[in-house]
Amino acid sequence: MQRSSSGRGGNQRSHCREHDADAEPPTVNIVIPRTPSSKAIAPYTCRSDAEDASLQLLINHYVTFITQKTVTSPGPRREWFPFAVRESAFFHAMMAGTASHLAYMRNESGDNAEYFYHRGAAISLVNRGIASGKAATEGIIATVAAFTQQESLAAQVKSVRLHLNGMVQLIGLAGGLMSPILRPKTRRRVLQSDLSAAIVLMQPPRLQPTLLDPDVSAYFGPPSYCTIRHARTLGTCLTNFTASQELSEVAVNIYWGLRNISASLEAIQAGTEVADAVEECVQFSDRVEVLERATHTFWYCDAEDSTSSIFRLFGWASLIHIYTVLRELPAELRIMKLVATRIKAEMEKCLNLNVLLATFKDLMLWIIFLGGRVSDVSYKPFFARQAAKILLIINITEDQADILQASQRFLWPERSVLKC
């Protein structure tokens, strides 16, 4: 009985297989969108294969290098690309900046075809948003902030002023800097752009943060014993030379911040600290912002007082360190050449320059090396001559390792083995 039953089942299964083989397979329509919805899949319109490959390279550079291996973007860094995917205008502005960054990494001009294409696409989308009456949105404000930052880094004065004014107006239309439509990361980008614009325009920042803790230790962290000792020495020398207790205290705080935040960056690069925190908490970029704001104090001290030159020089050099080290931006940026030009001009008009070189040897050597590194080629001999004066005083003239160590001794005297 079992065999007979099995045979009938086998015949049925064979019959089914023959029936399936004769049947027509069902038709399945597969549609692959060539130009997907910007807010659903991709915030861009596909172009030719070569152009798409270039875009993929930019996206890869931003996600795998700028986001993961630098602290350039305001924190939390990994939230910017998901934000860009939802905001087409900001996506193109971000890709324009990425194209410029990649070009500098390759020792090429930052103003390349990809930069102008994505910048043009972003401007078109912003204009479309303005025309439709939807300009005061987080995406448009972040895009204009990106424009402001890019123009500031390129030291384009007219464009900086244009985009800065537009950014401030849009923020006003949105309800102010603390508007609920602006998330903390967008406020950080806006404030960072405002600071960069202030450097180029030589004016106070237009926007003032309302949530910054007045206690700088919340951002700089507790000072080490070496920091306290060296900061006190610096403060005493500056007070005795300039008779300005107030500015000397600002300089001490900046020195404290430079050391602590630079040490934190070294720890981040070593993998023992993290740069990002929860969006509402203090980010590494917040600490750098507080430090940068402190340097602005020096720009407006009495220009007629020759003793105040040391503060302005210290402030300009600190900005170079902030942008090239703590923000890991290319040293070739035009904004850095602009700051180096101001250092050179300040030194040339300083009547007691030789006194400064002899009194603040370590500080001035640090300033000169930072300025000379980012300056225009035509200005490098000037910085080299001033550095040579100090190196002659401290009896270092040939050994390159000793010269490099001497240039860093102001910030890290305990790391120096020089006996001079």
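Analyst: The lining of the second largest pocket draws at least two residues from each of α11 (245-270), α13 (309-326), α16 (361-374) and α18 (400-408), where helices are DSSP runs of H or I with at least four residues, strands are runs of E with at least two, and both are numbered from the N terminus. The model is a predicted one, in which local features need pLDDT of at least 70 and side-chain atom pairs count only at pLDDT 80 or more, whereas totals for chains, interfaces and linings use all residues. Residues are numbered from 1 along each chain as its sequence is written, and side-chain values use heavy atoms, with hydrogens and water left out.

This second largest pocket holds about 480 Å³ of space, and of its 20 lining residues, His321, Val325, Trp366, Gln408 and Trp412 lie nearest its centre. A pocket here is an open set of points on a 1 Å grid over the protein atoms alone, where a 1.4 Å probe fits and protein lies on both sides within 12 Å along at least five of seven lines; a set from which the probe cannot get out is a cavity instead, and lining residues have an atom within 4 Å of a point. The volume is the space filled by probe spheres set on the points, which are joined across faces, edges and corners. By class, the lining splits into 8 nonpolar, 8 polar and 4 charged residues, with Ala, Val, Leu, Ile, Met, Phe, Trp, Tyr, Cys and Pro counted as nonpolar, Asp, Glu, Lys and Arg as charged, and the others, Gly among them, as polar.

The largest pocket has a volume of about 590 Å³ and is lined by 32 residues, with Gly97, Ser100, Gln149, Gln150 and Leu153 nearest its centre. Helices α2 (49-69), α4 (88-105), α5 (113-131), α6 (138-153) and α8 each give at least two residues to this lining, and α4 gives the largest share, 8 residues. The classes in the lining of the largest pocket are 15 nonpolar, 11 polar and 6 charged.

The axes of α4 and α6 come within 8 Å and cross at roughly 20 degrees, the axes being lines fitted to C-alpha atoms, for helices over the stretch in contact, with angles from 0 to 180 degrees between N-to-C directions. That crossing makes α4 roughly parallel to α6, since angles under 35 degrees count as roughly parallel, over 145 as roughly antiparallel, 65 to 115 as roughly perpendicular and the rest as oblique. The crossing of α4 and α6 is left-handed, a term used if the near helix is turned anticlockwise from the far one by less than a right angle, with clockwise giving right-handed. Ala89, Phe90, Ala93, Ala96 and Gly97 of α4 meet a set in α6 that includes Ala146, Phe147 and Gln150, contact meaning heavy atoms within 4.5 Å.

By class, the contact of α6 with α8 has 7 nonpolar, 7 polar and 2 charged residues.

Helix α8 (residues 184-201) in turn comes within 10 Å of α14 (residues 334-349), axis to axis, at a crossing of roughly 45 degrees, which makes α8 oblique to α14. The crossing of α8 and α14 is left-handed, and Ser196, Ile199 and Val200 in α8 meet Ile335, Leu338, Val339 and Arg342 in α14. This contact divides into 5 nonpolar, 1 polar and 1 charged residue.
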